[in-house]
Amino acid sequence: VFHLFLHARKKMRLLVFLIICQHAIHSVKTHSASNPNVILLMADDLGIGDLGCYGNRTLRTPNIDKLAEEGVTLTQHIAASPLCTPSRAAFLTGRYPIRSGMAAFSRVGVFLFSASSGGLPSEEITFSKLLKQRGYATALIGKWHLGMNCESSNDFCHHPLSHGFDYFYGLTVTNFRDCKPGQGSVFLKGVQKTLVIPIQIAGITLVSLAIVQYIGLLKVPSQALGYCLIITAISLAVLIFFFYHFRHLNCFLMRDHKIIQQPLSYENLTQRLTKEAVQFIGRNSDAPFLLVLSYLHVHTALYASENFRGKSKHGLYGDAVEEMDWSVGQILDVLEKYNLTDKTLVYFTSDQGAHVEEISSSGEVHGGYNGIYKGGKSMNWEGGIRVPGLLRWPGVVQAGAYIDEPTSNMDIFPTIVKLAKAQLPSDRIIDGHDLMPLLQGKVTRSKHEFLFHYCNAYLNAVRWHPGNSESVWKVFFFTPNFSPEDSNGCYDSHVCFCHGGFITRHDPPLLFDLSRDPEEKVPLTPETESRFYEILRVIHLAVENHTRSLHAAPDQLSWDNLLWKPWLQLCCSSLFQYCYCDYDSEGSLLEMHSG
């Protein structure tokens, strides 16, 4: 009996031990599945075909591919816009950019100058604001491109620190060819096309008026003629001054609200951005954090440090991709160092597809590869909006899984807001959907039955994924006119535009089934698709419902908001010193962090 008692007591102890272990494991899983650290890695103009995990066999991207091996690969991940500014606005807010006024009615769809007054409105709620309220340390490192000031050069109304980020190190605008000497200009062709003829007309008109006045054929008040001459001369002088000093005025590096390098130096720039990200993780390894690392790669001007220059099989573009992959590896390594891998959701994407028209003055291809997909940046063909989508969170999301359902970069907003146990805004429409049920294999269908594809502020295309079908229907109401016609882009204008003579309208709309024709090669017709008119009818109803949900918002990309305003210009020294400074040295970094 005594032996039986001991045996029973041992069993009871073992049972209690197992219950305690099970409870501990359950509590660890519960802890790890809420309030994770969040790292969002965003490339600029990267093609979906540039990565090994999406089929590239010549560019080396082992660290990004590791995210795919250890996480989920989204194969139909869609950017909310094929341009930087509106796509990033949608990403941060979970809303179509048309809702926040971040979609242009004019030809220019992005911010071009640091001293523009437009930007992401303060009324918009970003995921960084909501995570900050939940106690997260938040940082944006790299490219912003969502505005800076409104009315004065220090109100910083659109700045990252006004949108929920505790820390900012990067560029408020973007990386232009004009920022790097010897790389050409993105403005020169546009200025030549847009301004040369008006300047010639104004000049000829003024000279003609002066001649007519001189010979006495027409009486023109000399005061009026003088004013016209002065206004024209001042306008030309401002224009020449601005473009001559573009690099100093627009290409600068900031830490929080302070300019630390003007103009921007490309020397070891990716290493500096990566170091900032690594240090931020180190400073916040004991508490939840949100890090948005927004790479300048691979937007032109292309650059790569000495360790990567000339090492890839695809020239400077390939060097830049491989340097970015190295940076991703550094981020993953520091997570391992601090035992944060299992507590961190990592996401990698691009703001839109590759810029296929990017060719250097020497003829080298500086744009990426969109795989089998048609078109690229600035277009709603799949090449412009189908982007990489990789999510890794060991033990929580599936490893090595592929999901071919329509998802959007707007989905990141509700996904991480819910994980942080923050409340989704109830006073506005959120267009994104929580990805966790898909990522964990709890559901197999995306909540996106419809996705609306805007070209600036104009509804360009709609995709429909019916709940009872594998088909993904996509209609185009208009398409860009490629130049040359038999090319895959708008090489004559550098990007495709959204209205007027730059497009062809379609009535009835062009219809494709992406499940059978992902390359969008052969539009369907009533003869080749028996449900042609029924599909169009359903999509038109969806468009009506969507349009009714839109409310007017101030146009942040109007000409008034886009134009350079001298009183908003930031300068770390003075205009007479060409706005020059360079505080971004090892010494100042150590001093600022120790302070």
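Is F113 buried or exposed in this predicted model? F113 is buried, with a relative accessible area of 13% (buried means under 20%, exposed over 50%, partly exposed in between; 1.4 Å probe, protein chains only).

The model is predicted, so local features need pLDDT of at least 70 and side-chain atom pairs count only at pLDDT 80 or more, whereas totals for chains, interfaces and linings use all residues. Residues are numbered from 1 along each chain as its sequence is written, and side-chain values use heavy atoms, with hydrogens and water left out.

**View 1. The aromatic pair F113 and F246.** The search of the whole structure gives 18 aromatic pairs (ring centres of Phe, Tyr or Trp, the latter by its six-membered ring, within 6.5 Å; stacked under 30 degrees between planes, edge-to-face over 60, tilted for the rest). F113 and F246 are edge-to-face, at 6.4 Å centre to centre and 70° between the planes. F113 belongs to the loop between helix 3 (84-93) and helix 4 (127-133) and F246 to helix 7 (residues 246-250), so the pair ties together parts 133 residues apart in sequence (helices are DSSP runs of H or I, at least four residues; strands are runs of E, at least two; both are numbered from the N terminus). F246 is buried, at 2% relative accessible area.

**View 2. The aromatic pair Y266 and Y303.** This pair is tilted, with 5.1 Å between centres and 55° between planes. Y266 is buried at 12%, and Y303 is buried at 3%.

**View 3. The ring cluster.** Ring pairs join Y96, F450, F452, Y454 and W464.

**View 4. Charges over rings.** R107 lies over the face of F497, 5.1 Å from the ring centre (NZ of Lys or CZ of Arg within 6 Å of the ring centre and within 35 degrees of the ring normal). K180 lies over the face of Y266, at 5.7 Å.
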